Amino acid sequence: MTNLAGSGLQPYYGNYNSYNSHCDPYYQTNSNNNEDYGGYYPQNLGGIGKRHDVKVEDFCSQATIVHIDIDPSEIDKLKQSSFSIVGDIGMALRQMIPFIDSNSRRGWISRIGKLKAKHPFLMPDDSDPLHPLNLIRRISSLVKSDTIIATDVGQHQMWVAQVYPFRHPRSLLTSGGLGTMGFAVPAAIGAALVNSNKRIVCISGDGSFFMNMQELPTLADLNLNVTIIIMNNRHLGLVRQQQELFYEKQYIASRFATDLDVVSLGRAFGIPSYDLKRTDDPITVLTRSLSDPGPSIVNVPIEETLNVTPMVPPGAAKCCKL
Ligand SMILES: Cc1ncc(C[n+]2csc(CCOP(=O)(O)OP(=O)(O)O)c2C)c(N)n1
Ligand SMILES: [Mg+2]
């Protein structure tokens, strides 16, 4: 089990992720419906470098909880642990390993396998190559497996976490804990500066991209190998989704009234820029943008009101999943 920040640490088995703003983990999704999952709770739960989110009293109430964190203020803050270690995760784990017997956990693994079979993550029909999930999978098939992906914050970030097959540690640069929109472009520029032999793929949302697009001249000046993919739903999508689901469809300030021409914007800075909806062969254009040297921008108009699911409602630990 891993969370957003841990993507790439374990071999990729097919993610089944949910999201809330505090980077809560995959296992929460799998544990959040008592009845459906037949009382599926681990007996032992290790929280390594993660924060237990708000309102988790009911979550894994029977489990022995071990919490390792470098920040002492996180220990027992919202969830009482049974044992805790404050320190560097690498050092703590290395010192613990000699005391842990190998255990293949066949029963547990097969139980998880059955749950996954019963509740599979369904990919959309591949007749729409520009559906965000299909597009992200396609990108992964066009780049090397150790390509660094930077994301911004929002629905696009969760779609990446759900279906991009991260296979190497630190191949996902994303703002999880703080969730800072505007993170992706500068993170991608930084990654490109120290990985001049690699292509960096920056997957952003329109709203997040607008927050730091003043970095484009730097990207152009340095001629870095960064492809910026903008999942353009003309919305602050995650905000719109929450307004729809939890605030009785009272949509406030979540839609962009103006349709900013991202392609012209990119070209104004001398960056090759494309719109996948305005081309006859979007996959060829995408492929070129991922392989041509230097920076590029790819605008991908997507369905405006698409939601990212499953989603744990704010404050819900296990009772429901949307
Ligand atoms: C600097 C900052 N302001 C506000 C937020 C709250 N927030 C989280 S997601 C989001 C919308 C993101 O929109 P966009 O980048 O278009 O991504 P989408 O959800 O549409 O994929 C907002 C406003 C934030 N995380 N960071
Ligand atoms: Mg958006």
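Two residues are in contact if their C-beta atoms, placed from the backbone, lie within 7 Å. The views show a predicted model, in which local features need pLDDT of at least 70, side-chain atom pairs count only at pLDDT 80 or more, and totals for chains, interfaces and linings use all residues. Residues are numbered from 1 along each chain as its sequence is written, while chains are lettered from A and ligands numbered from 1 in the order in which they are written.

**View 1. The buried side of helix H4.** Helices (H or I, at least four residues) and strands (E, at least two) are DSSP runs, numbered from the N terminus. In H4 (residues 132-142), Pro 132, Leu 133, Leu 135, Ile 136, Ile 139 and Ser 140 are buried (20 or more other C-beta atoms within 10 Å of their own). These residues lie on the same side of H4 because they cover an arc of only 165° around the axis, taken from the directions from the helix axis to the C-beta atoms. Their cover includes H5, H11, S6, S7 and S9.

**View 2. The open sheet.** Its 6 strands follow the order S5-S4-S6-S7-S9-S8, with parallel pairing (at least two DSSP bridges between two strands). At the edges are S5 (172-173) and S8 (273-275), each pairing on one side only.

**View 3. Strands S7 and S9.** S7 (residues 226-232) and S9 (residues 296-301) run parallel and are joined by 6 bridges. Ile 230 has Asn 299 in S9 as its bridge partner.

**View 4. The shell of ligand 1.** Ligand 1 is surrounded by 20 residues (C-beta atom, placed from the backbone, within 6 Å of the ligand). The closest are Gly 154, Gly 205, Gly 207, Ser 208 and Gly 237.

Terms used
A residue is buried if 20 or more other C-beta atoms lie within 10 Å of its own, exposed if 12 or fewer, and partly exposed in between; C-beta atoms are placed from the backbone.
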